[in-house]
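Please keep the sequence and the structure in view while reading.

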Amino acid sequence: MKTLAVRSTKALAARHTNMLTALGLLLITTLATAQQPVLPLWPHGAPEPPLNASAEVDVTKPTDAPINGHATVRLTNVSTPTMTVYQPASDKNTGTAALVFPGGGYARLAWTGEGTDVCEWLTNVGITCLLVKYRVPQPTGEAGHYPQDFADLEDAQQAMRLAKAHAGEWHIDPKKIGVIGFSAGGNLAVLLSNHADDRHIESTPAVQDIPGYTQGSGLTLTGTADARPAFVIAGYPAYLALADDPKTLNPVYAPGKLTPPTFLIAAENDVHYGFNSPLYYQSLTAARVPAELHMYATGGHGFGVHPPNQPEEHWTRLADAWLRSINMLPPYTQQRAQQPNPHNLPSTPAGIPCTTPSPVAPSNQPTQPGRPNPTTPTVGPMDNPCFQQNPM
């Protein structure tokens, strides 16, 4: 009997510790966002009735895999979607912003590992981070994906419209607002980039919450009502291939005239979704959309923004250089050129801004806008004397 009592006491203690851990994570998240503006996406109520009447909750378990080397808050039962604004220091603000969609299989949101950690990276490089808490859970399988289900695309569109409507207030350029997503959030980022003009919201009562919408005049996709992103960064995006044919891109995600420049990262040993990124990359290049793909040998699925001691740990440096190459961030400056130069390349003369070297195309073969000529040797960002690793 004493042995049973001791085991029971240990079990209760472990359960109590787990509860305290979960509460602690939730408290950390609450404190982290306490000073940040939080906007409801739909002040008059979401376009569709909630699928789950339960209160929003953190469902993190002690057995859940860490992201970025630490446990992450996992939120579900989100029926009131919001956008939290994280701004860089005023002297670092570049005027660029990005919506961030955490992953979680459209069932939950990896709020810290693929949300607030991403905001830390972005604000460090002068980008305003707009962390979107979109509605989850959604129905499972095809029933929970566009076009059978519109909820998450509506939330993504509305977040982009609100970002453009508040651009002046937040000191950002409405033409430099992109989107970053991971896993299911990467799927949502790709979906938004190809269906920014979907007008399903006009058939719901929530249409009154769209900035720039005039009752009875319809929705004009210009200015604050335009949900097009300026760029996309998709981390190990999920669900892009046909469910019964992983070698074929689902036509829902086919790039088109709205698709902006896209940056893709994934791991080769991501057995469930690793093939999505190269598949989508091929479609992007076929559609002549400027794109960049980085595949890592390790990492699996869900490695986050800064996995410690892994080859993919510093992928944000490549993303930083890519954002500069598409003019979403300013060129590297002479101050950065003063950093150690591991390649022993000549430094830029004092007072002259640094720029990323670009290839010179042969006179008989013009280049395509936004792309290096495939017959011309290119110079990578790390060969540039102005290149500096970013803080993440």
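Helices (H or I, at least four residues) and strands (E, at least two) are DSSP runs, numbered from the N terminus. P137, for example, is placed in the loop between β7 and α3. The model is a predicted one.

## Overall make-up

The protein has eight helices and 13 strands. It consists of 392 residues, and 48% of them are buried. Of the contacts between residues at least 6 apart in sequence, 77% join residues at least 24 apart.

Helix α2 covers residues 112-124, and because eleven of its 13 residues are buried, the helix is largely enclosed by the rest of the structure. Among the buried residues of α2 are T112, E114, D117, W121 and L122. After α2 comes G126, which has a positive phi near 90°.

Helix α3 contains Q158. What is the relative accessibility of Q158? The value is 0%, so Q158 counts as buried. Leaving aside residues up to four places away in sequence, Q158 touches L41, W42, D209, I210 and P211.

## Aromatic rings

A pair of aromatic rings is described by the distance of the centres and the angle of the planes. There are twelve aromatic pairs in the structure. Is F101 buried or exposed? Its relative accessible area is 0%, so F101 is buried. Y134 also counts as buried, because its relative accessibility is 0%.

Another pair is that of Y146 and F150. Their ring centres are 5.6 Å apart and their planes stand at 90°, so this pair is edge-to-face. Planes over 60 degrees apart count as edge-to-face. Y146 is buried at a relative accessible area of 12%, whereas F150 is partly exposed at 21%.

Which residues form one aromatic cluster? They are W121, F182, F231, Y236, F263, F303, W315 and W322. W121 is also one of the buried residues of α2. Elsewhere, K133 lies over the face of W111, 5.2 Å from the ring centre.

## Cavity and pocket

How many cavities of 30 Å³ or more are there? The count is one. The largest cavity holds about 70 Å³ of space. Its lining includes Y106, G144, H145, Y146 and D149. The elements that give two or more residues to this lining are α3 and α5 (184-194). The largest share, three residues, comes from α5. By type, the lining of the largest cavity divides into six nonpolar, three polar and two charged residues.

The second largest pocket holds about 430 Å³ of space. It is lined by 24 residues, and A65, I67, R74, H301 and G302 lie nearest its centre. This lining divides into eight nonpolar, ten polar and six charged residues.

## Backbone sites

| Bond | Form | Omega |
|---|---|---|
| V136 to P137 | cis | about -5° |
| Y146 to P147 | cis | near 5° |

P137 is in the loop between β7 and α3, and P147 is found in the loop between β7 and α3 as well.

Y106 is not a glycine, yet its phi is positive, about 60°. Y106 lies in the loop between β5 and β6 (109-110).

N309 is not a glycine either, and it has a positive phi of about 60°. The place of N309 is the loop between β13 (291-296) and α7 (315-325). Is N309 buried or exposed? N309 counts as exposed, because its relative accessibility is 69% and the cut-off for exposed is over 50%.

Definitions and conventions:
Residues are numbered from 1 along each chain as its sequence is written. This is a predicted model: local features need pLDDT of at least 70, side-chain atom pairs count only at pLDDT 80 or more; totals for chains, interfaces and linings use all residues. Side-chain values use heavy atoms; hydrogens and water are left out. Rings of Phe, Tyr and Trp (its six-membered ring) pair if their centres lie within 6.5 Å; planes under 30 degrees apart count as stacked, over 60 as edge-to-face and the rest as tilted. Buried means under 20% relative accessible area, exposed over 50%, partly exposed in between (1.4 Å probe, protein chains only). A charge sits over a ring if NZ of Lys or CZ of Arg is within 6 Å of the ring centre and within 35 degrees of the ring normal. On a 1 Å grid over the protein atoms alone, a cavity is a set of points where a 1.4 Å probe fits but cannot get out, and a pocket is an open set with protein on both sides within 12 Å along at least five of seven lines; lining residues have an atom within 4 Å of a point. Grid points are joined across faces, edges and corners, and a volume is the space filled by probe spheres set on the points. Ala, Val, Leu, Ile, Met, Phe, Trp, Tyr, Cys and Pro count as nonpolar, Asp, Glu, Lys and Arg as charged, and the others, Gly among them, as polar. Contact means heavy atoms within 4.5 Å.
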